[in-house]
Amino acid sequence: MWTSTQYRRLVRGSAWYDLIVMAAFVTPWSFAALHGLLAAVMQALDLPGELPVFAPMHMLMANLLGSIVCVWSVLRIRDPQQVYGRYDAAGRFLFAAWQLNALLQGGSSLLVVFLVFELAWGIVQVLPVKAPSRASPLPQWPS
């Protein structure tokens, strides 16, 4: 069970993770560099799965994804509310479902790394948060 302060740190930490991981998706140029790096890693490690060449529409989808995730990350960094952590967990479970689907369809095995992180961040963000303790009322003096 998280305390409110711990949970705020958790939400902020997951946001920083997203911002760092997704920053390269924001522009066509940064994503092209990341794509080349990932392709080289897959080839060097002889990993199974496919990392296809991106057509302009694929690039657009990657850039839109990166843009919205980075904006969502900055919001959670600046204001790590509990409700944002709950919504983020729901989003992570959706992302994990689609990553698993891509893996089952022959997508790059590099997705396993991201799938593990999505599930981990999602699970820790759905754990309960202890309700803040109420301050004891002031004693009432007899009249």
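In this predicted model, the count of aromatic pairs comes to 5, taking ring centres within 6.5 Å as the criterion. One of these joins F25 and F31, whose ring centres lie 4.9 Å apart with planes at 50°, so the pair is tilted. Both F25 and F31 are buried. F31 also pairs with F54: here the centres are 5.0 Å apart and the planes again stand at 50°, so this pair is tilted too. Since F31 belongs to helix α2 and F54 to the loop between α2 and α3, the pair ties together parts 23 residues apart in sequence. F31 counts as buried, at 5% relative accessibility, while F54, at 29%, counts as partly exposed. Elsewhere, Y17, F117 and W121 form one aromatic cluster.

The loop between α2 (28-45) and α3 also holds D46, which has a positive phi of about 50° although it is not a glycine. Most residues other than glycine have a negative phi. With a relative accessible area of 68%, D46 is exposed.

Turning to helix packing, α1 (residues 4-22) and α3 (residues 56-78) pack at an angle of about 150°, their axes 8 Å apart. That angle makes α1 roughly antiparallel to α3, and α1 passes α3 in a left-handed crossing. On the α1 side, the contact is made by V11, R12, S14, A15, W16, D18, L19 and M22; α3 contributes L65, G66, V69, C70, S73, V74, R76, I77 and R78. Sorted by class, this contact has 10 nonpolar, 3 polar and 4 charged residues.

Terms used. Residues numbered from 1 in each chain as written. Predicted model: local features only at pLDDT ≥ 70, side-chain atom pairs only at ≥ 80, totals over all residues. Heavy atoms only, no water. Axes fitted to C-alpha atoms, helices over the stretch in contact; angles between N-to-C directions. Helix = DSSP H or I, 4+ residues; strand = E, 2+ residues; numbered from the N terminus. Parallel < 35°, antiparallel > 145°, perpendicular 65-115°, else oblique. Left-handed = near helix turned anticlockwise from the far one by under 90°. Contact = heavy atoms within 4.5 Å. Nonpolar A, V, L, I, M, F, W, Y, C, P; charged D, E, K, R; others polar. Buried < 20%, exposed > 50% of the residue type's maximum accessible area, 1.4 Å probe, protein only. Phe/Tyr/Trp six-rings, centres within 6.5 Å; stacked < 30°, edge-to-face > 60°.
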